[in-house]
Amino acid sequence: MTLTRKTLLSATIAAAALCAAPLSHGQAQGKLKVGLMLPYTGTYASLGNAIENGFRLYIGEQGGKLAGREIEFFKVDDESDPSKATDNVNKLIKRDGVDVIVGTVHSGVAMAMARAAKESGTLLIVPNAGADAVTGAMCSPNIFRSSFSNWQSAYAAGDVVAKQGKKKAITITWKYAAGDEMASAFKEGFEKSGGQVVKQLNLPFPGVEFQALLTDIAAQKPDAVFAFFAGGGAVKFVKDYAAAGLNKNISLYGPGFLTDGTLEAQGDAAQGIFTTLHYADSLNTPRDNAFRLAYAKTYKQQPDVYAVQGYDAGQILSVGLNAVKGDVGKKAEFAAAVEKATIDSPRGAFTLSKAHNPVQNIYLRKVDGKENKVVGVAAKALADPARGCRS
Ligand code: BEZ
C-alpha cells in the first residue's frame, strides 16, 4: 500500500469512528422540538397563555436549554375543541416530528392527545387537564401530568363542605369529562362525610347561559353549591351567582379553578368563596416567593395555578432529559428518573405517583381581595386512586 492510500484509509476509518462514537451531552443532538398544544382562543385562552408563560419561565431560568439542547417551539391552538384534537395533535407528532408535547387544558382534548401519545410513543406532559383516565385507564410510561386529576381537585372539597356543617348540596358544572368527574368526586367526598348531593346540574361547554339553572338552585334552597367552571366561564358564573343574590344565603364552593386567575374580573362577587386546590396565592414560602417575583418581573402580572403547572411541566421535562442526557429515545430511563424525583414546585415539593400524577397537598383557600388565601390544608399528600391504571 502506498503512503497516500494508507493515509486516505486511516482518515476514512477515523471519520467512520467519529460518526459511530456516542455523542457527548447535548452535542449535535440538535434542538429539542417541543410542541405546545394549548387553547389560545376561547374561554380557556388565559389558562393556555399562563401555562406557556410558566413553561417558558422555567426554560429561561435554565439559560434557554434543557440537558444542553436548545429548544425549538411548535405551537397549536387546540381551541378546547375535542372534535379537532386528533388532527391537531397529529400536526405536532407527524408533521412537525416533535420530541415532546406539552398540553393541554381541556380534559376531552387531553384524552385524544393521550391516545395519540400512547400509540406513537411520543412524550406527553399534561400541564392542566385533569381527565382521570390520563393517569388512570390510559396511563402509560411516556405520559406525565404536572397538574392534578379531576378526582383529586374535588374529592377534598366534599369533606370540607360537610365539616362546615352543610347537609344538602347541588353541583353545577359544564357537561364534559372535567365537570362530570369533579361533580362525582365531590359527591363521593361529601356523602362519605355525611352530606347529601340532592341535584347535579350541568350545561354544555363552554356555555354561560346560567339563568335557568340559578333559578332552579334558588327554588331548591340547598345549603351549599359546588361549581366547576374556569377561565371566562368562571368569571361569568361567579358574577351571575352574586347578581342573583344567591351568595347571601347559599354558600358557593368549588375546586380552585372557580376563582384562580379570575379575581380581577370577578371583583366583589368572589369575596369569601372557599375553594380547594393544590396552589394558593399566599403560601409565602421562599420557593413560591421567588417564583412569584420572577413571574411578575417577566410578565408584569401575578401567576396563577396554571402558570405553576406550566413551570412544573418544564421541571419534569428537565429531570427526565438530564437523566438521559437529552436523548428522548431512552423512554424507560426518562420515566424512571421522573418517578424517583421530587419536584421542587412553587406549590410545595411533590413526587409523581406510579401512574405519573402529582401526589400533593390540597389547600383550603378563601378569596380575600385579589387573593386566594390559604386557610388550611384540606388533604395532605393526596394521591389520585389511578383507577384502571395497569402500568
Ligand atoms: C379540564 O378540562 O380538565 C379543566 C379545565 C380547566 C380547569 C380545570 C380542569
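Reply: The protein chain holds twelve helices and 14 strands. Keep in mind that this is a predicted model.

Me: Why is the pair of Tyr44 and Trp174 called edge-to-face?
Reply: By the ring-pair rule the count comes to 24 aromatic pairs. In the pair of Tyr44 and Trp174 the centres are 5.9 Å apart and the planes stand at 75°. Tyr44 lies in the loop between strand S1 and helix H2, and Trp174 in strand S7, so the pair ties together parts that are 130 residues apart in sequence. Tyr44 and Trp174 are both buried.

Me: And what makes the pair of Phe186 and Phe226 stacked?
Reply: Here the distance is 4.3 Å centre to centre, with 10° between the planes. Planes under 30 degrees apart count as stacked, so the label follows. Phe186 belongs to helix H6 and Phe226 to strand S9, so this pair joins parts 40 residues apart in sequence. Both Phe186 and Phe226 are buried.

Me: Which residues do ring pairs link into a cluster?
Reply: Among them are Tyr44, Phe148, Trp174, Tyr176, Phe205 and Tyr306.

Me: How do you know that the charged end of Arg56 sits over the ring of Phe73?
Reply: The charged end of Arg56 is 4.0 Å from the centre of the Phe73 ring. The distance limit is 6 Å, and the charge must also be within 35 degrees of the ring normal. The charged end of Lys75 likewise sits over the ring of Tyr40, at 4.5 Å from its centre.

Me: What surrounds the ligand?
Reply: There are 16 residues around the ligand, and the closest are Val105, His106, Ser107, Gly130 and Tyr176. An N or O atom in the side chain of Tyr176 is 2.5 Å from an oxygen atom of the ligand. For Gly130, a backbone N or O atom lies 2.9 Å from a ligand oxygen. For Val105, a backbone N or O atom lies 3.3 Å from an oxygen atom of the ligand. The limit for a polar contact is 3.5 Å, so these pairs qualify. Taken alone the ligand exposes 270 Å², and the protein buries 100% of that.

Me: Why does Gln152 count as buried?
Reply: Its relative accessibility is 0%, and buried means under 20%. Gln152 is found in helix H5. Its side chain reaches the backbone oxygen of Leu382 at 2.8 Å. A polar atom of the Gln152 side chain also lies 2.8 Å from the backbone oxygen of Pro358.

Me: Why is Tyr58 called buried as well?
Reply: Tyr58 has 8% relative accessibility, so it counts as buried. The residue is in helix H2.

Me: Which peptide bonds are cis?
Reply: One of them is the bond from Gly103 to Thr104, where omega is near 5°. Thr104 is in the loop between strand S4 and helix H4. Another is the bond from Phe205 to Pro206, with omega near 0°. Pro206 has its place in the loop between strand S8 and helix H7.

Me: Is Ser80 buried or exposed, and what about Lys300?
Reply: Ser80 is buried, with a relative accessible area of 6%. Lys300 is exposed, with a relative accessible area of 69%; the exposed label starts over 50%.

Me: What is the phi of Ser80, and what is the phi of Lys300?
Reply: Phi of Ser80 is near 55°, a positive value in a residue other than glycine. Lys300, also not a glycine, has a positive phi of about 55°. Ser80 lies in the loop between strand S3 and helix H3, and Lys300 in the loop between helix H10 and helix H11.

Technical notes:
Residues are numbered from 1 along each chain as its sequence is written. This is a predicted model: local features need pLDDT of at least 70, side-chain atom pairs count only at pLDDT 80 or more; totals for chains, interfaces and linings use all residues. Side-chain values use heavy atoms; hydrogens and water are left out. Rings of Phe, Tyr and Trp (its six-membered ring) pair if their centres lie within 6.5 Å; planes under 30 degrees apart count as stacked, over 60 as edge-to-face and the rest as tilted. Helices (H or I, at least four residues) and strands (E, at least two) are DSSP runs, numbered from the N terminus. Buried means under 20% relative accessible area, exposed over 50%, partly exposed in between (1.4 Å probe, protein chains only). A residue is near a molecule or strand if one of its heavy atoms lies within 4 Å of it. A polar contact is a pair of N or O atoms within 3.5 Å; within protein, one must be able to donate a hydrogen and the other to accept it, and residues adjacent in sequence count only if both atoms are side-chain atoms. Accessible areas come from the Shrake-Rupley method with a 1.4 Å probe; for residues, only the protein chains shown count as cover.
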